[in-house]
Amino acid sequence: MTDYYDILGVARDADAREIKKAYRRLAMEHHPDRNQGSPDAEARFKELSEAYEVLKDPDRRAAYDRFGRDGLRRAGAGDPFAGGFDLRDAINIFMRDFGGSGGFEDLFGRRRGGARRGPGTGETLRVRLPLTLKDVVAGAKKRIRIAVLEPCGDCAGSGSSDGRGPGNCPACQGRGEERVVQRSVLGQFVSVVTCRTCGGEGSVISTPCRACHGEGRVRRQRDLEVDVPAGVTSENYITLRGRGNIGPRGGERGDVMVLLEPEEDGRFRREGRHLVSEAAVTFSQAALGAEIEVPTVSGSVVITLPPGVQSGQAVRVKGQGVPDLNGGRRGDLIVRIRVWTPTRLSNRQRMLLGELAGVEDPAPARLEAPEGEEGGFWSRVKEAFTSA
């Protein structure tokens, strides 16, 4: 098996913050919901979650460092995957630590091989929500339509056609689990597994409702409102608690996880809280200085170019970027100036430029940064970002 540290791409002495950061970045990249259900992405996502679940816990990590995977059992640290590890486990781990639902006990209480008595909770629904850059900057209220499982009207959600509801499972006597005896050359082993008759619920329906086939729920369309805060990125998602599928036969509702997908805006490139754009100016505007109008997310603004502005120089417009998601100040708009050279000239333009050529100074051997600035354009943009 591949080393857990190699899976997350961290050093063996990485601290908890580095491990969590590496897992979050890689898990977002390989999350099944962002890879159209790719089997390769699912396998990688599970692998990442397993490695993270071990290395984030100091006791498990110490045991793993000494003895490897076997050390999780040997050192008494507890093997979190002894009952198996599937995609649902991996998603629950991710949701638990990065905004999802479910605590540690809830996560491992539903692992394969353990009992799950009573009606289960409805599964979490995942929906995608496209956003414009204007939505990201200002925040937005969005309405989405989803197909959700609701209580069956014919049986009032009981799943039973006679209204009696479920009765005790005859196979497990309501315990939700059964004992399985296995024989091998080493002797007889007894293990406790989820009841195969009732699926761990401890009850069965003797006369299933024809409308819902004993599930106690049917699919219907529902509209939901989503409040999108300003400053979100594609790494954020919103969990609507208790708004998803109803559980079978009266079980609790699951959640709705809204995956946010900000769309690209061809006018800007986002760099954290800041937006970067380009503005083309003529040679005379660059040489003499000028006032030009540049677009913003919500409209436009006039900026002043100083005489002698160089191609590639950046002009910063404060407060026209993206708000901080945590309520901080709004970023800036960084406008990169590009001096446009015409490719077609009229006779008069050619004559005037010829006159200019006779009196203008020769170009320097090396272009220096404007006074008070150092480095090229990207250095200045980087400086603007770090100083904001």
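**Exercise 1. Determine how α2 and α6 cross in this predicted model.**

Solution. Step 1: the hand of the crossing is considered; α2 passes α6 in a left-handed crossing.

Step 1: The axes of α2 and α6 come within 12 Å of each other and cross at roughly 125°. Angles from 65 to 115 degrees count as roughly perpendicular and those over 145 as roughly antiparallel, so α2 is oblique to α6.

Step 2: the residues in contact are listed. On α2 they are Lys20, Tyr23, Ala27 and Met28, and on α6 they are Ala90, Ile93, Phe94 and Asp97.

**Exercise 2. Classify the packing of helix α3 against helix α4.**

Solution. Step 1: α3 spans residues 39-55 and α4 spans residues 58-67. Their axes lie 6 Å apart, at an angle of about 105°.

Step 1: the range for a roughly perpendicular pair is 65 to 115 degrees, and α3 is therefore roughly perpendicular to α4.

Step 2: the contact involves Glu53, Val54 and Leu55 from α3, together with Arg60, Arg61 and Tyr64 from α4.

**Exercise 3. Count the aromatic pairs, and explain the class of the pair formed by Tyr23 and Phe94.**

Solution. Step 1: rings pair if their centres lie within 6.5 Å; by this rule there are six aromatic pairs.

Step 1: for Tyr23 and Phe94, the ring centres are 6.3 Å apart and the planes stand at 65°. Planes over 60 degrees apart count as edge-to-face, so this pair is edge-to-face.

Step 2: the pair is placed along the chain. Tyr23 belongs to helix α2 (residues 16-30) and Phe94 to helix α6 (residues 87-97); the two residues are 71 residues apart, and the pair links distant parts of the chain.

Step 3: the wider group is identified. Tyr23, Phe45, Tyr52, Phe94 and Tyr237 form one aromatic cluster.

**Exercise 4. Describe the surroundings of Arg128.**

Solution. Step 1: Arg128 lies in strand β1 (residues 125-131).

Step 1: its relative accessibility is 37%, so Arg128 counts as partly exposed.

Step 2: apart from its neighbours within four places in sequence, Arg128 is in contact with Asp33, Arg34, Gln36, Leu259 and Glu261.

Step 3: the C-alpha atoms of Arg128 and Leu260 are separated by 6.2 Å, although these residues are 132 residues apart along the chain.

**Exercise 5. State how many helices and strands the protein has, and what share of its residues is buried.**

Solution. Step 1: the protein has eleven helices and 15 strands.

Step 1: of its 388 residues, 40% are buried.

Step 2: among contacts between residues at least 6 apart in sequence, 66% join residues at least 24 apart.

Definitions and conventions. Residues numbered from 1 in each chain as written. Predicted model: local features only at pLDDT ≥ 70, side-chain atom pairs only at ≥ 80, totals over all residues. Heavy atoms only, no water. Phe/Tyr/Trp six-rings, centres within 6.5 Å; stacked < 30°, edge-to-face > 60°. Helix = DSSP H or I, 4+ residues; strand = E, 2+ residues; numbered from the N terminus. Axes fitted to C-alpha atoms, helices over the stretch in contact; angles between N-to-C directions. Parallel < 35°, antiparallel > 145°, perpendicular 65-115°, else oblique. Left-handed = near helix turned anticlockwise from the far one by under 90°. Contact = heavy atoms within 4.5 Å. Buried < 20%, exposed > 50% of the residue type's maximum accessible area, 1.4 Å probe, protein only.
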